[in-house]
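Subject: The structure we talked about

Hi there,

Here is the structure for you to open alongside this email. Below it I go through what was found.

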Protein chains: 2
Amino acid sequence: MRVANPGDRVLSFAKTMVSFVGTVTDFAVLAPQPAEFGALGAGWANNGWLLPVRWERLLKPVRPASELRQLAPLLPSRYSPIQSANGKGNQKMYLAEISVAVFDLLVKLGNRIEKIDGDLPVAPSAAIFTEAIDDREAERIRNDDSLSITERKQSILARRGQGRFRSNVEILERRCRVTGLTNESLLIASHIKPWRFCVSSVERLDGHNGLLLAPHVDRLFDRGFISFEDDGKILVSSRLVADDIRCLGLEAALANRGGTFTTKHAQFLEFHRAMIYLRSYG
Amino acid sequence: MRVANPGDRVLSFAKTMVSFVGTVTDFAVLAPQPAEFGALGAGWANNGWLLPVRWERLLKPVRPASELRQLAPLLPSRYSPIQSANGKGNQKMYLAEISVAVFDLLVKLGNRIEKIDGDLPVAPSAAIFTEAIDDREAERIRNDDSLSITERKQSILARRGQGRFRSNVEILERRCRVTGLTNESLLIASHIKPWRFCVSSVERLDGHNGLLLAPHVDRLFDRGFISFEDDGKILVSSRLVADDIRCLGLEAALANRGGTFTTKHAQFLEFHRAMIYLRSYG
């Protein structure tokens, strides 16, 4: 899932049929498994990758098993999502790469593409999903009798980098590590391990789980386009294109290096580098 | 209220006593009158200026009427918030300028300053109030039977610049007018007339009430540090200091000029320039 880039084309193959063709609209984000939505907060194990895709319906759904004569020669001998012997799916795979030839054949057999009407008029962004996850988590906290009223209030405020979380961050950080910005009206108190994945109000309010960042740097960090090494070095994902860095006026700033992080910061940074940062693949 | 700057000192004078001394922590923001919180949506008339202040309590509250001998010579002859003849308040004024000498005298008479414990551990920011206003407005929309389920859903998504509002903006705007950024993962669909002041779901979802902005530009626009003339010229508030512009890497970009706005944009821009943009005073 994490290898996919916006603009990549995908096919949905379920119940023996290819019925949908899609376009990846954003990078994959860590998210709770849909079935476990209510149990958020139990740690990494319940999380998976959510890939935003805009789907369109094939007018004539295709059964690969019925098209083996044309299809089989195009399938790879290893790691094929469709078994070339019988056209059945490979149950071990969730998302697998196929060749352009296979994609084009299946879409052609599907006749033509019909847009799906629905409530989502735009390409789904990662933000639309993470907001929904955050909303559910906020609702859970609001009803969590094991927390004091103040803990609940401060935990909710922390979602937007406000309240006690922000003051805790401000004790440790004074300025944006990337741009040097100090204006409090502009700085954002950003979670290193995102708010929605914090497993306790302690983690949500921990000043070591935060950075003060300029708004555009906050966005890059939140979306995984940048991260930090424990020694303060800024990691810039190869998936952030040079033109965007130039538009954002960050060419020089991203070469900066803030101070070394404490070991308490480091445990949160490890999560960010592993689960949020958009590494390079291939 | 709008003349106040972060760092300005203020005194609270109520019921004949000066009991609190405060520090302005952010620029004033437009907000519904507290008594009318529930009636949001009736237009400008119900709105007023909210000035974020961190208050401290005077150990010995001061009654100006009892300190006239020292106080009267320091008070101005016109526009004084305290009447020099009798030490009573001037009921026509809500927030008035006083001299440093008057301030220092009253704080000295108040003996010393005691911090107020409370739920707000940090300097209150404008954002903490606008989020609270937004939360109430979202709750109101969620329960508004006069709107269809889809209108409610899309109105709520519009708060974060998502859903139909975003697609409506994307029809009209292709890139950040200030930086030229085109990356959809980074661009924010920002309301010109803020979401919380829109009086209908039509206004909330109107593509002409939106701009696609880079995150730092969105923040400057949202907080009133910049605005736009109808002809596309960028207005930069004198209250945004040059050092911040430099840190944000926007020195060159703020001299840019996007295309002229349509008359439909212009009606929303008028609101932004009048009610959000931080004009210069004095």
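First, a term you will need: a salt bridge here is a side-chain nitrogen of Lys or Arg within 4 Å of a carboxyl oxygen of Asp or Glu. Please keep in mind that this is a predicted model, where local features need pLDDT of at least 70, side-chain atom pairs count only at pLDDT 80 or more, and totals for chains, interfaces and linings use all residues. Residues are numbered from 1 along each chain as its sequence is written, chains are lettered from A and ligands numbered from 1 in the order in which they are written, and side-chain values use heavy atoms, with hydrogens and water left out.

**How the two chains are related**

Chain B can be laid on chain A by a turn of 180 degrees and a shift of 0.0 Å along the axis, with an RMSD of 0.1 Å (superposed by least squares on the C-alpha atoms of residues with pLDDT of at least 70 in both copies). That is the relation of a two-fold axis. Both copies use the same surface, since 100% of the contact residues of chain B recur in chain A.

**The interface**

Counting contact as heavy atoms within 4.5 Å, 40 residues of chain B touch 40 residues of chain A. Together the chains bury about 3300 Å², 56% of it on carbon and sulfur atoms; buried area is the accessible area (1.4 Å probe) that two parts lose on being put together, summed over both.

Which salt bridges cross the interface of chain B and chain A? The rule finds two. In one, A:Glu131 pairs with B:Arg160, with the closest N and O atoms 3.6 Å apart. Another salt bridge brings together the side chains of A:Arg160 and B:Glu131 (3.5 Å, N to O). A:Arg160 lies in the loop between H4 and H5 of chain A and B:Glu131 in helix H3 of chain B, so this pair joins two chains. (Helices are DSSP runs of H or I with at least four residues, strands are runs of E with at least two, and both are numbered from the N terminus.)

For burial, the cut-offs are under 20% relative accessible area for buried, over 50% for exposed, and partly exposed in between (1.4 Å probe, protein chains only). By that rule A:Arg160 is partly exposed at 24%, whereas B:Glu131 is buried at 16%.

A:Arg159 forms a salt bridge with A:Asp134, the closest N and O atoms being 3.8 Å apart. The pair links helix H4 and helix H3 of chain A, 25 residues apart, and both residues are buried. In chain B, the side chains of B:Arg159 and B:Asp135 meet in a salt bridge at 2.8 Å, N to O. B:Arg159 is in helix H4 and B:Asp135 in helix H3 of chain B, so the pair ties together parts 24 residues apart in sequence. Here B:Arg159 is buried at 16%, while B:Asp135 is partly exposed at 41%.

These residues belong to a network of salt bridges that also includes A:Arg196 and B:Arg196.

Helix H4 of chain A (residues 149-159) has several buried residues, among them A:Leu157, A:Ala158 and A:Arg159. What covers the buried residues of H4(A) includes helices H3, H5 and H6 and strand S7 of chain A, together with H3 of chain B.

Best wishes
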